Amino acid sequence: MPEGHVLHRIARDHTKWFVGQKMQVSSPQGRFQKESKRLSGEKLARVEAFGKHLIYHWRGGQILHVHLGLYGKFHHYKNPPPEPQGAVRVRMIGSRRSYDLKGPNTCQLLSDADFKRLTSRLGPDPLRDDAEPELAWKKISRSRVAIGSLLLNQSVVAGLGNIYRAEILYSLGVHPERPGNQISREEFDQIWELSVRLMQIGVKANRIITTDRRPAGKPASRLSAAERLMIYKHPVCPRCRADIQSWNLGNRTIYACPACQT
Ligand SMILES: [Zn+2]
């Protein structure tokens, strides 16, 4: 599943390409036809991301909510777009560019109340300027759940996923099984600051990059996962050469160094 940086990057691109334009909206597959009619011809006012959720605000007050889930994908085109291929839930055509959205987990119109409910159940998002990390600290510092699980819980921190949690905890020397209430305030502040910094890099590069030790002269777009990441799916610790351990934590596979993370 894409992590929050992907959605923020899409929000940024769609803002640049579509905001202020009257969009032609359709549902070639038919599953979003009724809703498409309510959006088509309306001006797009704003696009934003909250964690892994993408929200489109329209001048007429409509709110479109997209969550990609495991299989959702955007296909972008310069106009005119090609004939729709496969199950295209939504096709949006702006003045110069367009996209097809296929296979989203969620694609629905929200009322103002639905929108408030959605955002209020999400934790602070490190990529949003209005994030309140204090809310995450309150939940983490009172919990006996492992920090590795807490960081995946979207109601604690919105946007972090399986790769970022492993990389951030490794980078700070925090063992993923340590309970939330044994994380110090200083450690939490470091987790938050590193999340902000790494996810901002992720939005810019459009991929997760957590290490500075990269092959010289190779552009970010051509780095392999092993070159971009410190520990995720790595066999040995880059610091101490101990074998990396992996196990299931919070329904996903976590990676940690038994020597470097306490
Ligand atoms: Zn190590």
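Student: Which strands make up the open sheet, and in what order?
Tutor: The open sheet has four strands in the order 1-6-7-5, with antiparallel pairing. Strands here are DSSP runs of E with at least two residues, numbered from the N terminus, and two strands pair if DSSP finds at least two bridges between them. This is a predicted model, where local features need pLDDT of at least 70, side-chain atom pairs count only at pLDDT 80 or more, and totals for chains, interfaces and linings use all residues. Residues are numbered from 1 along each chain as its sequence is written.

Student: New topic: how is the protein chain divided?
Tutor: Into domain 1 (4-120) and domain 2 (133-256), with bounds from an automatic or database domain assignment. Their centres, taken over C-alpha atoms, are 29 Å apart.

Student: How many residues does the contact take from each domain?
Tutor: Eight residues come from domain 1 and nine residues from domain 2. Residues are in contact if their C-beta atoms, placed from the backbone, lie within 7 Å.

Student: What gives the most to the side of domain 1 that touches domain 2?
Tutor: Helix 1 (residues 4-18) does, with five residues. Helices are DSSP runs of H or I with at least four residues.

Terms used: Two residues are in contact if their C-beta atoms, placed from the backbone, lie within 7 Å.
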